[in-house]
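Please work through the exercises below with the sequence and the model at hand. Each task is followed by a worked solution.

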Amino acid sequence: MEDVAVVTGGSSGNGRAIARRFAAEGADIVVADIQESPREGGEPTHDLIEAETDAKATFVECDVTKVDDLESAVEAAEEFGGVTVIVNNAGIFHGEEFLEVDEDEFGRMMDINVKGVFFGAQAAAKRMVETGGGRIINLASVAGLEGSGEFVTYCGTKGAVRLLTYAMAAKLGPDGVRVNAIHPGLIETSMTTDDYPIMGTDAEADFLQAIPTRRAGQPEDVADAALYLASNLSDYVTGESLVVDGGMTNTQ
């Protein structure tokens with residue numbers, strides 16, 4: 001995998017696993033995140049990559065709500081030869097009471113989950129179109145495929161990512177840029193252990209009963225899906241939503 005990948009939210013969780021997976025296959029990595037230290041603890045992702053692989057990696061402080069930060073992350077990839085893959089992974093998640101959501105809460109989730117994906121993709125696509133191709137992978141969610149009364153705003157943001165992915169694929173396909181989305185289900189990250197605690201609770205047991213594989217996903221499961229979409233094994237795949245949920249969504 002002779003690529004240069006920018007991974008937003010690459011310090012922790014799914015983004016960290018994706019960055020490490022790509023690096024293990026030979027890609028150089030720009031870790032773009034608001035913080036360098038992983039939320040789950042351990043070495044910073046870029047340091048770990050350089051310690052365990054032959055890949056080159058760097059960290060760029062990046063707030064995905066700021067277009068200039070996203071453009072700087074893509075620019076940082078020039079150090080390694082220029083971006084060929086971007087994974088728009090950064091996002092937030094929380095439960096809510098729909099009737100109590102205020103404008104600030106709504107705006108923050110839209111800014112991170114939707115604006116960050118749109119302008120991250122745009123920044124990378126500008127370079128990819130000039131150089132004849134690339135791959136854009138947007139992290140959505142199974143919440144972007146079906147509605148949930150507990151997560152109204154979150155569902156809206158991830159549904160927007162799904163449709164943005166389809167539209168981007170239509171626009172950029174003639175320029176050799178493939179655009180796909182990954183829709184994770186229940187994945188064991190800081191989001192499901194801290195932000196909206198599910199793991200280790202009765203809610204986890206309820207989820208597992210709805211998952212045919214009877215287990216929660218791991219960040220590595222998402223990373224494997226991302227690797228497929230970033231590799232030449234998916235050369236004829238664009239505008240797709242790859243669901244990584246142990247079968248939960250389509251078997252209920």
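The model is predicted, so local features need pLDDT of at least 70, side-chain atom pairs count only at pLDDT 80 or more, and totals for chains, interfaces and linings use all residues. Residues are numbered from 1 along each chain as its sequence is written, and side-chain values use heavy atoms, with hydrogens and water left out.

**Exercise 1.** Determine the strand order of the open sheet and identify its edge strands.

*Solution.* Strands (E, at least two residues) and helices (H or I, at least four) are DSSP runs, numbered from the N terminus. Two strands pair if DSSP finds at least two bridges between them. The seven strands follow the order 3-2-1-4-5-6-7, with parallel pairing. Strand 3 (57-61) and strand 7 (241-244) each pair on one side only and are the edge strands. Within strand 3, Thr58 is the bridge partner of Val30.

**Exercise 2.** Describe how helix 1 is placed on the sheet and how far it is buried.

*Solution.* Contact means heavy atoms within 4.5 Å; axes are lines fitted to C-alpha atoms, for helices over the stretch in contact, and angles run from 0 to 180 degrees between N-to-C directions. Helix 1 (residues 13-24) touches strand 1 (4-8), strand 2, strand 4 (85-88) and strand 5 (134-139), and its direction makes about 170° with that of strand 1. Buried means under 20% relative accessible area (1.4 Å probe, protein chains only). Nine of the twelve residues of helix 1 are buried, so this helix is largely enclosed by the rest of the structure. Among them are Arg16, Ile18 and Phe22. After helix 1 comes Gly26, with a positive phi near 110°.

**Exercise 3.** Which residues of helix 2 (residues 45-52) are buried, and against what do they pack?

*Solution.* Thr45, His46, Leu48 and Ile49 are buried. Viewed down the axis of helix 2, they fall within an arc of 160° (taken from the directions from the helix axis to the C-beta atoms), so they line one face. Their packing partners are helix 1, strand 2 and strand 3.

**Exercise 4.** Characterise the largest nonpolar core.

*Solution.* A nonpolar core is a set of buried Ala, Val, Leu, Ile, Met, Phe, Trp, Tyr and Cys residues joined through side-chain atoms within 4.5 Å. The largest has 37 residues, and those touching the most other members include Val6, Val30, Val83 and Met128. Helix 4 (103-131) is one of the elements giving two or more residues, and with eight residues helix 4 gives the most.

Notes. Buried < 20%, exposed > 50% of the residue type's maximum accessible area, 1.4 Å probe, protein only.
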